[in-house]
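Please consult the sequence and the structure shown here.

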Amino acid sequence: MTLRLLKGFTLLVGDDPVALSYSAQRLLAFLALQDRPRTRTYVARTLWPEATTPRANANLRSSLWRASRTGHRVIDASAQEMALAGGITVDIHDAVARAHCLLDKTCLCDDILTRQTRDDLSADLLPEWSDNEWVLIEQEQYHQLRLYALEAMAKRLTTAGRHGEAVAAGLAAVRAEPLRESAHRVLIDAHLAAGNRAAAQHQYEQCRCTLLEELGLEPSDTLRSLLPNMTAH
């Protein structure tokens, strides 16, 4: 079985999607993002923080029952604790592992400098879910991690002379966070390494316009220094 949480929730058995109620989806996603089994009380209080304890426990029992109706074992639950069932591959686990490799300067990472890595790091976690604080925290943690990882990926590809792929990774970082100057910087570096000075200058101007319009700020001296001979602003 495969549980996909990037770009949205999908549970697959082979290539076939499994229908689940929203409450069961939330329970599976929550358990998939935990690094260890959680007590029933912890799960109930986190998923239904506004409910009374009896109501939250009842909601949890209902969600467990709905998850069991899939006909597949998706949750390992005891009287005290529960966890995502073993044997379920979760896409974000692999994406996070690759992100940490990219950020580890002692890791060669050649085998993960791929389009699949870039696509996974370009996707947000459960982007349409925003109804609970635990989701928002997990989303922000992965968002920040993937931004740094995309920038690291662009740098590694630039160093390897894979300029087209470096530009693609840099563009993904800029799309994810247009106000992030470091994302623009790795993209400008990739253009310059490819010998595309006009593209680098165009990217600088895009960054400058975005920062001025949104924040009223000029690019930093560090960014300007990448193009020392361009027209000064």
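The model is predicted: local features need pLDDT of at least 70, side-chain atom pairs count only at pLDDT 80 or more, and totals for chains, interfaces and linings use all residues. Residues are numbered from 1 along each chain as its sequence is written, and side-chain values use heavy atoms, with hydrogens and water left out.

**Sheet.** An open sheet is formed by 3 strands in the order β4-β6-β5, with antiparallel pairing. Its edge strands, β4 (38-39) and β5 (75-77), each pair on one side only. Strands are DSSP runs of E with at least two residues, helices runs of H or I with at least four, numbered from the N terminus; two strands pair if DSSP finds at least two bridges between them. Between β5 and β6 (residues 81-84), the antiparallel pairing comprises 3 bridges. Opposite Ile 75 stands Leu 84 in β6.

**Two buried residues.** Buried means under 20% relative accessible area, exposed over 50%, and partly exposed in between (1.4 Å probe, protein chains only).

| Residue | Helix | Relative accessible area |
|---|---|---|
| Asp 120 | α5 (residues 115-122) | 14% |
| Ala 95 | α4 (residues 91-103) | 1% |

Contact means heavy atoms within 4.5 Å. Not counting residues up to four places away in sequence, Asp 120 touches Leu 6, Ala 95, Arg 98 and Tyr 142. With that same exclusion of residues up to four places away, Ala 95 touches Leu 6, Asp 120, Leu 121 and Tyr 142. The C-alpha atoms of Ala 95 and Ala 149 are 10.0 Å apart in space, and these residues are 54 apart in sequence.
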